[in-house]
Amino acid sequence: MRKNIVAGNWKMNTTLPEGLELAKNVNKALENVDAKCDVIICTPFTHLASVNAVIDKNKLGLGAENCADHRSGAYTGEISAPMVASTGATYVILGHSERRQYYGETSETLKEKVALALENGLTPIFCIGEVLEERENGTAFDVVKAQIEEALFNLSAEDFGKLILAYEPVWAIGTGKTATDDQAEEMHAFIRGVIADKYGKEVAENTSILYGGSCKPSNAKALFAKPNVDGGLIGGAALDADSFMGIVTAFE
Ligand code: PEP
């Protein structure tokens, strides 16, 4: 059975001391609740090793927000999948719309990143989603399908089964504008159908598909109640332990 998951994406926020404080607060809060979902925090690279040392990995997973599309070598400033894995992190966000939009990430580079992440024992949290214009001109479903096909359908069923997907309509990220629970459910059900057509019903049913885009404690419950929404990838609301926990506890 697929897992329910709430994952935080801290983006380029928090200094190391601030990040450690936030991680400790989330970790502490998890000691006092019986979380009904897996909980993950994805932090800046600079924080990973230090955060890894202060959290209980049985309760709180740790991930990076990106990794390089090369294993090692002359790529100044890049951080490879083996480097991420060596910090103790076990997840990595790949294909976030901010990476696609601001750093020119394409399905071709993402294919390499996914392969390297898997080769190094990292679980990719792979993001897909349409921009506003595509939602409005009726191509959102085609766009999301193409993102999945181009970057992921080279994988074996076994490897595809290791992924977590995150549907993040770009128009809802950081805008305060959330997709309605019905819009999210419609797209999540569509994504599961796309997976089923390629890998079969069992793989599709076992794939966790998270929703991302201005998810907060006030709307998480309605979103997570939808049968094909298996949790959330949380940006802004993950930067405060109380609001992040308000989303974690939306699963009952
Ligand atoms: C994200 O960046 O993955 C995200 C969902 O951001 P926010 O929750 O701030 O919209």
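Val92 lies in strand 4, which covers residues 91–94. This is a predicted model. Val92 counts as buried because its relative accessibility is 0%. Leaving aside neighbours within four places in sequence, Val92 is in contact with Ala64, Asn66, Cys67, Ala117, Leu122, Thr123, Pro124 and Ile125. Gly63 also belongs in this picture. Val92 and Gly63 are 29 residues apart in sequence, yet their C-alpha atoms are 5.0 Å apart in space.

Move on to helix 5. Val114 lies in this helix. Val114 is buried, since its relative accessible area is 1%. Not counting residues up to four places away in sequence, Val114 touches Leu94, Pro124, Phe126, Leu152, Leu155 and Leu163.

Is Lys113 buried or exposed? Lys113 counts as buried because its relative accessibility is 4%, and the cut-off for buried is under 20%. Its contacts, leaving aside neighbours within four places in sequence, are Asn66, Cys67, Ala68, Asp69, Leu94 and Glu105. Some of these names have come up before.

Now turn to the ligand. It is surrounded by 14 residues, and the closest are Lys11, His96, Glu168, Gly174 and Ser214. By class, this shell has four nonpolar, eight polar and two charged residues. Which atoms of Gly174 and Gly235 lie by the ligand's oxygen atoms? In Gly174, a backbone N or O atom is 2.7 Å from an oxygen atom of the ligand. In Gly235, a backbone N or O atom is 2.8 Å from an oxygen atom of the ligand. The protein buries 96% of the 300 Å² that the ligand exposes when taken alone. Asn9 uses its side chain instead: an N or O atom there is 3.5 Å from an oxygen atom of the ligand.

Lys11 is not a glycine, but its phi is positive, about 55°. Thr14 is found in the loop between strand 1 and helix 1 as well. Thr14 is not a glycine either, and its phi is positive at about 80°. Thr14 counts as partly exposed because its relative accessibility is 26%.

Ala35 lies in the loop between helix 1 and strand 2 (38–42). Ala35 is partly exposed, given a relative accessible area of 30%. Leaving aside neighbours within four places in sequence, Ala35 is in contact with Leu30 and Val248. Ala35 and Met12 are 23 residues apart in sequence and 27 Å apart in space, C-alpha to C-alpha.

Next, the cysteines. A disulfide is a covalent bond between the sulfur atoms of two cysteines. How many disulfides does the model have? The count comes to zero. Cys37 is in no disulfide, as the nearest cysteine sulfur, that of Cys215, is 11 Å away. Cys37 is buried, with a relative accessible area of 8%. The cut-off for the sulfur pair is 2.5 Å. Cys127 is buried as well, with a relative accessible area of 1%.

The last stop is Ser156. It is found in the loop between helix 7 (140–152) and helix 8 (157–160). Ser156 is partly exposed, because its relative accessible area is 38%. A polar atom of the Ser156 side chain lies 3.1 Å from the backbone nitrogen of Asp159. Ser156 and Gly138 are 18 residues apart in sequence and 31 Å apart in space, C-alpha to C-alpha.

Notes. Residues are numbered from 1 along each chain as its sequence is written. This is a predicted model: local features need pLDDT of at least 70, side-chain atom pairs count only at pLDDT 80 or more; totals for chains, interfaces and linings use all residues. Side-chain values use heavy atoms; hydrogens and water are left out. A residue is near a molecule or strand if one of its heavy atoms lies within 4 Å of it. A polar contact is a pair of N or O atoms within 3.5 Å; within protein, one must be able to donate a hydrogen and the other to accept it, and residues adjacent in sequence count only if both atoms are side-chain atoms. Accessible areas come from the Shrake-Rupley method with a 1.4 Å probe; for residues, only the protein chains shown count as cover. Ala, Val, Leu, Ile, Met, Phe, Trp, Tyr, Cys and Pro count as nonpolar, Asp, Glu, Lys and Arg as charged, and the others, Gly among them, as polar. Buried means under 20% relative accessible area, exposed over 50%, partly exposed in between (1.4 Å probe, protein chains only). Contact means heavy atoms within 4.5 Å. Helices (H or I, at least four residues) and strands (E, at least two) are DSSP runs, numbered from the N terminus.
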